[in-house]
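Here is a short report on one protein model. Look at the structure first, then read on.

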Amino acid sequence: MIVTLKDIVLPALVLATAFTGTAAEARGFRTASGAGLASWYGPGFGGHRTASGERFNGGALTAAHRSLPFGSRVLVTSRRTGRSVVVRINDRGPYVGGRVIDLTAAASRALGMNGTEPVTLARL
């Protein structure tokens with residue numbers, strides 16, 4: 001089998017454009033699709049700055065994720081209710097083990113959450 005430069009360069013360019021950013025962001029791309037527990041946060045955070053520098057707004061459809069780049073949009077679907085919501089990542093977290101995403105109160109209401117919720121995530 002003969003390997004040409006095109007066989008090496010093209011896949012390398014595709015990977016380079018797909019995984020620009022830090023190693024943590026690259027890991028986040030792989031884990032953005034999947035399932036886990038979601039929680040919601042907000043009481044006491046109103047008006048404070050998020051990790052992205054925005055002011056926290058519990059009425060916005062935003063969320064905290066450990067490694068996805070700020071501004072990423074994620075489809076979060078409740079495995080219990082079947083409801084879905086699209087959120088924008090603007091903060092870091094959750095900092096409780098076993099949870100994959102922290103949602104604002106507005107996003108949790110859209111899913112019909114009661115406390116933590118089993119969800120699936122799909123990066124858009």
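## About the model

This is a predicted model: local features need pLDDT of at least 70, side-chain atom pairs count only at pLDDT 80 or more, and totals for chains, interfaces and linings use all residues. Residues are numbered from 1 along each chain as its sequence is written, and side-chain values use heavy atoms, with hydrogens and water left out.

Y41 is buried, at 12% relative accessibility. F56 is buried too, with a relative accessible area of 8%. Here buried means under 20% relative accessible area, exposed means over 50%, and partly exposed lies in between (1.4 Å probe, protein chains only).

How many aromatic pairs are there? The count is one. The ring centres of Y41 and F56 lie 5.1 Å apart and the planes meet at 55°, so this pair is tilted. Rings of Phe, Tyr and Trp (its six-membered ring) pair if their centres lie within 6.5 Å; planes under 30 degrees apart count as stacked, over 60 as edge-to-face and the rest as tilted. Y41 and F56 both lie in the loop between β1 (34–40) and β2 (62–64), so the pair ties together parts 15 residues apart in sequence. Strands (E, at least two residues) and helices (H or I, at least four) are DSSP runs, numbered from the N terminus.

## Charges

Side chains of opposite charge can pair when their charged atoms come close. The structure holds two salt bridges. A salt bridge is a side-chain nitrogen of Lys or Arg within 4 Å of a carboxyl oxygen of Asp or Glu.

R88 is in strand β4 (residues 84–91) and E54 is in the loop between β1 and β2, so the pair links distant parts of the chain, 34 residues apart. R88 is partly exposed at 23% relative accessibility, and E54 is partly exposed at 29%.

R80 forms a salt bridge with E117, and here the closest N and O atoms are 3.0 Å apart. R80 lies in the loop between β3 (73–78) and β4, and E117 in strand β6 (residues 117–123), so this pair ties together parts 37 residues apart in sequence. R80 or E117: which is buried and which is partly exposed? R80 is partly exposed, at 49%, whereas E117 is buried, at 1%.

A charge also meets a ring. The charged end of R92 sits over the ring of F70, 4.2 Å from its centre. This label needs NZ of Lys or CZ of Arg within 6 Å of the ring centre and within 35 degrees of the ring normal.

## The barrel

Strands of a sheet pair through backbone hydrogen bonds, either parallel or antiparallel. Six strands form a closed barrel, in the order β1-β5-β2-β4-β3-β6, with mixed pairing. Two strands pair if DSSP finds at least two bridges between them.

β2 and β4 run parallel, joined by three bridges. A64 stands opposite D91 in β4. β1 and β6 run antiparallel, with five bridges. A35 stands opposite T120 in β6. β3 and β6 also pair in the antiparallel sense, over five bridges. S78 has V119 in β6 as its bridge partner.

## A buried serine

S108 sits in helix α3 (residues 105–111). S108 is buried, at 6% relative accessibility. Which residues does S108 contact, leaving aside its neighbours within four places in sequence? They are W40, L103 and M113. Contact means heavy atoms within 4.5 Å.
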